[in-house]
Amino acid sequence: MTASRPSSADRQPDRLQRPLVHDGRVSSLYDAVGGEPVFRQLVEDFYAGVADDPVLRPLYEEDLEPAKVRLRMFLEQYWGGPTTYSDQRGHPRLRMRHVAWQVGIRERDAWLSHMLAAVTRLDVPDDARAAIWDHLERAAHSLVNWPPPGGDPSTVAGPDLS
Ligand code: HEM
């Protein structure tokens with residue numbers, strides 16, 4: 001894989017690239033589930049969980065609002081909504097953008113636990129919920145970057161509690 005290739009977190013799986021037929025009209029999942037309010041709620045609920053999470057909260061800036069906007073813009077774009085994310089931020093390149101943080105299994109699972117709670121609360125059809133969750137789960141797995149490949153886990157696994 002070359003450095004310029006998008007990570008699987010950015011790539012739309014073939015199955016989902018096909019437009020959805022909704023009320024006899026072709027639309028994106030973004031339109032089919034109701035657009036921005038749905039993604040706004042997803043991100044609000046997710047960050048409400050992050051705000052109290054001892055593992056994740058230290059990774060984020062004190063003001064969570066800008067991070068909420070970035071995640072919402074990304075997800076809206078991914079699901080066929082406005083391309084504001086790339087207009088403002090360029091190509092997502094999520095793996096590259098996450099190298100600033102040590103994303104291990106612990107961080108991934110904490111992130112996914114808040115996302116699962118938020119996705120579960122969405123008022124959307126089950127197939128849309130399943131597609132959204134499938135993407136988030138696969139993306140989270142693809143963004144784990146710690147310990148680095150070839151690294152010595154004994155030196156990076158956290159404090160020695162033995
Ligand atoms: C696996 C666990 C993850 C952790 C611990 C994590 C952590 C973070 C942190 C600390 C930031 C900086 C917040 C900001 O200022 O924007 C961030 C940004 C971001 N994350 Fe994650 N993240 C994870 C997974 C994901 C996943 C699965 C996605 C997408 C489905 C995602 C999408 C984004 C986006 C779009 C940004 C903003 C990037 C930018 O434009 O700068 N993250 N993440």
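Here are some questions and answers about the structure above. This is a predicted model, in which local features need pLDDT of at least 70 and side-chain atom pairs count only at pLDDT 80 or more, while totals for chains, interfaces and linings use all residues. Residues are numbered from 1 along each chain as its sequence is written.

Q: In what order do the elements of the protein chain run from the N terminus on?
A: Let's start with the inventory: the secondary structure comes to nine helices and two strands. Helices (H or I, at least four residues) and strands (E, at least two) are DSSP runs, numbered from the N terminus. The order of the elements is α-β-β-α-α-α-α-α-α-α-α.

Q: Which element gives the largest share of the shell around the ligand?
A: Of the 23 residues around the ligand, Ala-67, Arg-70, Phe-74, Trp-111 and Ala-139 come nearest. Two or more residues each come from α4 (65-78), α6 (94-97), α7 (105-121) and α8 (126-142). The largest share, five residues, belongs to α4.

Q: How many residues of the shell around the ligand are nonpolar?
A: Ala, Val, Leu, Ile, Met, Phe, Trp, Tyr, Cys and Pro count as nonpolar, Asp, Glu, Lys and Arg as charged, and the others, Gly among them, as polar. By that division the shell has six charged residues, one polar and, for the nonpolar class, 16.

Q: Within what arc do the buried residues of α3 fall?
A: A residue is buried if 20 or more other C-beta atoms, placed from the backbone, lie within 10 Å of its own, exposed if 12 or fewer, and partly exposed in between. In α3 the buried residues are Val-38, Phe-39, Leu-42, Val-43, Phe-46 and Tyr-47. They line one face of the helix, because seen down its axis (taking directions from the axis to the C-beta atoms) they fall within an arc of 155°.

Q: Which residues are exposed on the other side of α3?
A: The buried residues of α3 have a cover that includes α2 (29-33), α4 and α7. On the other side of α3, the exposed residues are Pro-37 and Ala-51.

Q: Is Thr-120 buried or exposed?
A: Thr-120 has its place in helix α7. Because 10 other C-beta atoms lie within 10 Å, Thr-120 is exposed.

Methods
Near = placed C-beta within 6 Å. Contact = placed C-beta atoms within 7 Å.
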